[in-house]
Amino acid sequence: MAAPNGKTAFTHILVALFAMGSWTAINGIWVELPVLVKDLPEGWNLPSYLSVLVAFGNLGPLAATLWGRLSKGELGPIRAVQALGVVGMALLAPLWSHVVPVAGESHAVAFLALSFALALSCCASNVTFLPFMSRLPPAFLRSFFLGQGLSALLPCGLALAQGVGHLECQLASSPSPWTSFLAASPGPNVSLSPDISPSGPMVPIYFEEHFSAKTFFWVITSLLAISAIAFQGLLLLLPPTPTTTTSRSEGQRQGATPEEEVSPLREPGEEVGTPEPESEERAQDPLQLCSVRGACLLGLLGVTNALTNGVLPAIQSYSCLPYGRHAYHLAVVLGSAANPLACFLAMGILYRSLPGLGALSMLGTFFGTYVMVLAALSPCPPLVGTSAGVVLVVLSWILCLGTFSYVKVAVSSLLHGGGRGALLAAGIAIQAGSLVGALAMFPLTSIYHLFHQSQDCVDMFCP
């Protein structure tokens, strides 16, 4: 029997809120990096550290899968994932700025350790949240993926409301702030008044954001708690899952199918057992995983994930911060928002041509190459200190990440037609590409220091 419209609408809301908690924690940390890099000792290398931690966070799905098989249930792993997310973020709010010496150097151990715990939680949500949706009719999957999009969009909106503050450079011997000089960025592109030149060492004066990083993390904690509460609400709405064959046969003798008993939240007028359009298309045009087309799709998926989850995030600070903290803030936040927006676009307009997807990948690679060149030339890239430079770097990051996000969704959809084996291969390509990209860039940025950062109010002029 179909559920009343009011109950169905409420269930859609609960499903979206439940899915919202999947990647809110890591997305929140990522868009907060422009605020954190000035305070944590890792500095401009902080994105590289975070990329490696998220890559190793893929141990979470292995643990969650093993737990689910041993416990013969899915509720325990879901509750554990949600508890880890809420507790980890609640601890991060007061502890993120704590620094301790490690091997003679200061490191934000608390921030890095809690970020790794949250990465485990977010990665594990990939294999715990979605299987739970099998208890609901397929129509609720739209609300689930909408909620996953909110897990990126809500932190981005919160980061935009927070802002990134600004920096002023003041003479170290100056007795008053009236002799300070406004710095549009913490790099060498400091704009000074034409009739005044600094005659001594300068010191940076940081102006705070609209609210602190601590407040930001507490708001993210509340979003994760709302997601956990929504999950409990779903459990109250759903009927108990039948466990015996006897109960199923009794239901069939009463004239009701098992699907009707366990799916009372079906949309009005929705027929049980009606094949989905994707399923029909899969049956008509199955993908051969061992074919050249299948190998190209897997290779494309692995490379795009290596770039977007490993290589490019590690150098984002070096490509943006020479143009100013505001440019870095916009590139991170708007680039992160481009990801779910591209996914929503793919849900409506899905491009299935392999040559076309290859062309889109080349377009994304073009923008990615541009920001890589900027990072290599840091702290004095082209057009530094100009509005054109800021616009170009921000747009390049948005278009690069948006294009690659669309390609990843399109390729994954095509691989979905190959069945369970193709999906498993896709998952391996995604995780392997992300891990290889992150591990390849970490020594270049954090050990060998091939990319260079500037000191606030010290390296003020480019040659």
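This is a predicted model: local features need pLDDT of at least 70, side-chain atom pairs count only at pLDDT 80 or more; totals for chains, interfaces and linings use all residues.
User: In which sense do strand 3 and strand 5 (residues 202–207) pair, parallel or antiparallel?
Analyst: Six bridges link strand 3 with strand 5. Within this pairing, Leu-167 stands opposite Tyr-206 of strand 5. The sense of the pairing is antiparallel.

User: Which residue of strand 5 that stands opposite Leu-167 also lies among those nearest the centre of the second largest pocket?
Analyst: The lining of the second largest pocket comprises 13 residues, and those nearest its centre are Val-37, Lys-38, Trp-44, Asp-456 and Tyr-206. The residue opposite Leu-167 in strand 5 is Tyr-206.

User: Between which domains does the second largest pocket lie?
Analyst: This pocket holds about 160 Å³ of space. Its lining divides into six nonpolar, four polar and three charged residues. Because both domains give residues to that lining, the pocket lies between domain 1 (1–169 + 204–239) and domain 2 (287–455).

User: Which helix gives the most residues to the lining of the largest cavity?
Analyst: The largest cavity has a volume of about 70 Å³, and its lining includes Gly-21, Phe-129 and Leu-224. Helix 6 (75–95), helix 7 (109–132) and helix 9 (213–237) each supply at least two lining residues. The greatest contribution, four residues, comes from helix 6.

User: Is Ala-410 buried or exposed?
Analyst: Ala-410 belongs to helix 16 (residues 387–416). Beyond residues up to four places away in sequence, Ala-410 touches Leu-350, Tyr-351 and Leu-357. Its relative accessibility is 0%, and Ala-410 therefore counts as buried.

User: How far apart in space are Ala-410 and Leu-297, C-alpha to C-alpha?
Analyst: In sequence, Ala-410 and Leu-297 are 113 residues apart. In space, their C-alpha to C-alpha distance is 9.7 Å.

User: Among contacts between residues at least 6 apart in sequence, what share joins residues at least 24 apart?
Analyst: The chain has 17 helices and five strands, and 46% of its 463 residues count as buried. Of the contacts between residues at least 6 apart in sequence, the share joining residues at least 24 apart is 84%.

How values were computed
Residues are numbered from 1 along each chain as its sequence is written. Side-chain values use heavy atoms; hydrogens and water are left out. Two strands pair if DSSP finds at least two bridges between them. Buried means under 20% relative accessible area, exposed over 50%, partly exposed in between (1.4 Å probe, protein chains only). Contact means heavy atoms within 4.5 Å. On a 1 Å grid over the protein atoms alone, a cavity is a set of points where a 1.4 Å probe fits but cannot get out, and a pocket is an open set with protein on both sides within 12 Å along at least five of seven lines; lining residues have an atom within 4 Å of a point. Grid points are joined across faces, edges and corners, and a volume is the space filled by probe spheres set on the points. Ala, Val, Leu, Ile, Met, Phe, Trp, Tyr, Cys and Pro count as nonpolar, Asp, Glu, Lys and Arg as charged, and the others, Gly among them, as polar. Domain bounds come from an automatic or database domain assignment.
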